[in-house]
Amino acid sequence: MIALHPSSSDEQLDPLTAVAAEERPPPPDRPWVMTNMIASADGATAVDGLSGDLGGPADFAVFSALRARADAILVGASTVREEQYRPPSTDDERRLSLRRQRHQEPRPLIVVVTGRLDLDPGLPLFADDTYRPLILTGEAAPAEARERLSAVADVVTVGDQWADLGTGLAELHRRGHRVVLAEGGPSLNGQLIADDLIDEWNLSVSPLLAAGSSARPAHGPLPVGPPREMSLARVWLADELLFCRWVRRRRPA
């Protein structure tokens, strides 16, 4: 993997140490929020419903580096089901060492956003007795589902009809989480954009054309007003994949 921007070099870089060195100052009342998505060159985020065929070893290395930096991983319920999420692994001593240096927990906390609590307690995410995810939901969520999921996760109400992401992020801040990685899906990303809660947008661009009806990396039912202004912070290249990082450009109040 080599750097193309802001300066280019043929020297091989290590995503784990490079991501760890990047600045991510949290706002005063919520964590720094970064995303990580992959898309084909024509914008598809999945092939046959899954994102795995778009990537490869280099994409996994960047994925792992971003997860290693995060205190918590924010994800929608549909992505948990479709991608068969599991608790983060602890099999990489380098990642664990960096987390210890930053006084982080060995594994980032997976935080699931769901208004309907339509999650099966038998999913792989809930199978580890030593790991307890967090679920953010709204007051209108079914009481029976809330009770059922409370046996395998901490269920927190952060909104009325649906989970309010701003309130949810404030709750994560209160719990001491300073960097949150949003892994989608596109509907969750769209809501984060609409609420102007994204500080960093990471997108891996795969050298494939997929066509089909796959969603964009972010979408939603409502316009967000003026498009959010971003600054291109870096571009890496490996295995013909581009790894782009944009940072939110915020004007002084």
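The following legends describe close-up views of a predicted model.

**View A. A negative surface patch involving Asp195.**

**View B. The loop between H7 and E8 at Asp196.** Asp196 also belongs to the loop between H7 and E8. Its phi is positive, about 55°, although Asp196 is not a glycine. Most residues other than glycine have a negative phi. With a relative accessibility of 24%, Asp196 is partly exposed.

**View C. Strand E8 and its pairing with E2 and E10.** Strand E8 is largely enclosed by the rest of the structure, because six of its seven residues are buried. Strand E2 (residues 32-40) runs parallel to E8, and seven bridges join the two. Within this pairing, Met37 has Leu203 of E8 as its bridge partner. Strand E10 (residues 241-248) pairs with E8 in the antiparallel sense, through six bridges. Here Glu200 stands opposite Val247 of E10.

**View D. The loop between E9 and E10 at Asp239.** Asp239 is placed in the loop that links strand E9 (230-238) to E10. Phi of Asp239 is positive, near 55°, in a residue other than glycine. Asp239 has a relative accessible area of 55% and is therefore classed as exposed, the cut-off for that class being over 50%.

**View E. The cis peptide bond between His5 and Pro6.** The bond joining His5 and Pro6 is cis, and its omega is about 10°. Most peptide bonds are trans. Pro6 is found in the loop between strand E1 (2-5) and helix H1 (15-21).

**View F. The cis peptide bond between Gly184 and Gly185.** From Gly184 to Gly185 the peptide bond is cis, with omega near 5°. Gly185 lies in the loop between strand E7 (179-182) and H7.

Terms used:
Residues numbered from 1 in each chain as written. Predicted model: local features only at pLDDT ≥ 70, side-chain atom pairs only at ≥ 80, totals over all residues. Heavy atoms only, no water. Patch = residues over 30% accessible without salt bridge, like charges linked within 9 Å, V, L, I, M, F, W, Y side chains within 5 Å. Areas by Shrake-Rupley, 256 points an atom, 1.4 Å probe, with all protein chains shown as cover. Salt bridge = Lys/Arg side-chain N within 4 Å of Asp/Glu carboxyl O. Lys, Arg positive; Asp, Glu negative; His and termini not counted. Charge placed at Lys NZ, Arg CZ, Asp CG, Glu CD. Buried < 20%, exposed > 50% of the residue type's maximum accessible area, 1.4 Å probe, protein only. Helix = DSSP H or I, 4+ residues; strand = E, 2+ residues; numbered from the N terminus. Pairing = 2+ DSSP bridges.
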